[in-house]
2 protein chains.
Amino acid sequence: MTLDAVDTPALAIDLGVVRANVAAMAALARERGVALRPHAKTHKLPQVARMQLDAGAVGLTVAKLGEAEVLADAGVDDLLIAYPLVGELKLARLVALARRVPRLAVAVDAVAVAEGISGALAAAADGLEVGVRIEVDSGMHRLGVAPSSDELVELARAVDALPGLRLEGVMTHEGHAYQSDSEQELARAAAAACDVMVASAEAIRAAGIDCPVVSMGSTATARFAAGHPGVTEIRPGTYVFNDRSQVAHGSAAEGDLAAAVIATVVSRPSAEVACVDAGAKALTSDRMIVRDAAADHGTVAPGGAAWTAVGATARAAGWPVARASEEHGLIAVPAGGELAVGERLALVPNHICPAVNLFDAVTVIERGRVIDRWPVAARGRMT
Amino acid sequence: MTLDAVDTPALAIDLGVVRANVAAMAALARERGVALRPHAKTHKLPQVARMQLDAGAVGLTVAKLGEAEVLADAGVDDLLIAYPLVGELKLARLVALARRVPRLAVAVDAVAVAEGISGALAAAADGLEVGVRIEVDSGMHRLGVAPSSDELVELARAVDALPGLRLEGVMTHEGHAYQSDSEQELARAAAAACDVMVASAEAIRAAGIDCPVVSMGSTATARFAAGHPGVTEIRPGTYVFNDRSQVAHGSAAEGDLAAAVIATVVSRPSAEVACVDAGAKALTSDRMIVRDAAADHGTVAPGGAAWTAVGATARAAGWPVARASEEHGLIAVPAGGELAVGERLALVPNHICPAVNLFDAVTVIERGRVIDRWPVAARGRMT
């Protein structure tokens, strides 16, 4: 069957494009000599995690214990929970996970958090050990310790000394690079963040502490971080599907758009507007992560053979979803544009990660045919 | 047990406040002599739908067939699907729903949509009939026919003539009223929308067509629409839980906040920032629906006994979630403010409806105790 037989709104992924994206990032990492540890928060799908591992990823990154549990259930044996785990409930689950995941690591940015994890592992008295990545603030100012600071070295020393913890290195999410306006600025922001991280690792090493890993994380910077001297690992997530923001940042071409929300035109209230059945509860309210971008909610898919084949998509390619309320997306129709009630469109969200998080399942297509429906197994794992 | 035993982030609802909100809106509708048909898209919970019906609601409003199916499964016998249903897959489900829901109505804003529904019902050949509300654009410019227009009267005439359809009246979502800056402006916007709708019904009646229902829909305008001459029904949704936007619009007091996201402080990267484990995947990226509002993602709960009792909430009441990425919320901590890693906060989202839509279950509390956990049964019913 084709996508025409699937009710809308639906989230579809084109398996051929997913495979190509997975292979391309794996090739980049291999050629540049860095480890690849993709962030699974984008797809939340064990099937895609397996594809990433089969293509050469050393392991997966997750944001939540619940995501780690789902991937562990699927047999993934190397996981980084890139989030500070705080509270007894989470520490108990971490211990349970450490018992069954051969290579498990966590992020910490404070001694107290490291002590909590160490204490929980020690209390389990099973000789359990987890890896630790110290989260460094390379410029996003979200969390993380200040680069090359006394605090960083003290935290490294504390982790090194705490039972049950094995200091693996430093990590960051250089999300501030998404504020760049041009390829040159993006390259500079990525290089600056890499330099900060390499220097932070050197500061730890200068204190006589092993710090093998320098891990960078974002799709837009991956092509700059991979191969930057001293960087040992990249953790891109979005590349597997891509989205409007990634195309705007030059980290994906239109043909690399592997996911789209399939929607139906339900009203033509005026010549300038077409209302579709995908609003903020399908596309999210995330704005484009490009500075000064139009404040809209996505576009009709501008490319990708699977998407331009959907209904009126080719004819409406690039038209913006100018407004969205919860269940209504309002497409801005240019003068003379045709779009009839009942016609279908493939829409590309600004930011695919939270959009995937809204759907209980994805429709899997290959060469234009629907071949499967995958539950978004790690969706809703809030904790 | 208390909320302390629930891992974070969690969405909690205070049943006492929900009951009070449900009772207050029911009392308003009763006193002003209008029917109340709450929109279930806010809560997506059969348990709350039942409370609303028990308090006197005539039926429920939903946006999706899937939501209607969940409520029909729960025994709700009067449902309005306030959305144009387009496409064979949806029409087949509508027919199935019409067979088991005694009073079922749909919204239409175009003859072709009405013809599609009529045709599907006629093809079923079971003498099925559904009610029709003509959706009128009272100023939001989302969808709907132009008020008091020839097109409106022609659509009413077409619906009146089509087999299987019973014209019930006109409806609108006056969401543009949320752009108001003051109580006076809100009152004026609500009254103007009501006038537009009453005039639209009169235009239909002047053509000799029955048009008993004039239905208005939004929480912020409910207190103005209920009792406005000629308005027969209100369809508020958010009032059941309320949120930061409703408080800003004066449609709820801080004590009426019935839902909060419970979060844990996971990092204190600086004196000015506390990072919590609820980001845009718990609070959404929805901005406050108040003109010129700060572009943040919610606040620490400013009131509500259940919420100020949570961890450090009372101390941090009103501090904004100034930034959010997917799994990180960044609270702006004022000078001298104290907030430690591990402390918990109750957060009030800008917009509760899409936030509920992110959680698979809500934690139900009453007088500070956790009494239940309800699956968000209609969540994920995208179609």
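I count two rings of Phe, Tyr or Trp (its six-membered ring) as a pair if their centres lie within 6.5 Å; planes under 30 degrees apart are stacked, over 60 edge-to-face, and the rest tilted. By this rule I get zero aromatic pairs over all chains.

The model is predicted, so I keep its conventions in view: local features need pLDDT of at least 70, side-chain atom pairs count only at pLDDT 80 or more, and totals for chains, interfaces and linings use all residues. Residues are numbered from 1 along each chain as its sequence is written, chains are lettered from A and ligands numbered from 1 in the order in which they are written, and side-chain values use heavy atoms, with hydrogens and water left out.

**Charges over rings**

I looked next for a charge over a ring (NZ of Lys or CZ of Arg within 6 Å of the ring centre and within 35 degrees of the ring normal). In chain A, the charged end of A:Lys64 sits over the ring of A:Tyr83, 5.5 Å from its centre.

**Backbone**

Most residues other than glycine have a negative phi, and most peptide bonds are trans. I noted the exceptions. A:Thr8 and A:Pro9 are joined by a cis peptide bond, with omega about 0°. A:Pro9 is in the segment before β1 (10–14) of chain A. Strands here are DSSP runs of E, at least two residues; helices are runs of H or I, at least four; both are numbered from the N terminus. The bond from B:Thr8 to B:Pro9 is also cis, with omega near -5°. B:Pro9 is in the segment before β1 (10–14) of chain B. A:Ala125 has a positive phi, near 55°. I place A:Ala125 in the loop between α5 (111–124) and β6 (130–135) of chain A.

**Helix packing in chain B**

I took axes as lines fitted to C-alpha atoms, for helices over the stretch in contact, with angles from 0 to 180 degrees between N-to-C directions. Helix α3 (residues 65–73) and helix α4 (residues 88–100) of chain B pack at about 20°, axes 11 Å apart. The two are therefore roughly parallel (under 35 degrees; over 145 is roughly antiparallel, 65 to 115 roughly perpendicular, the rest oblique).

Which residues of α3(B) and α4(B) make the contact? On α3(B) I list B:Leu65, B:Gly66, B:Ala68, B:Glu69, B:Ala72 and B:Asp73; on α4(B), B:Lys90, B:Arg93, B:Leu94, B:Leu97 and B:Arg100. Contact means heavy atoms within 4.5 Å.

The axes of α4(B) and α5(B) (residues 111–124) come within 9 Å and cross at roughly 60°. That makes α4(B) oblique to α5(B).
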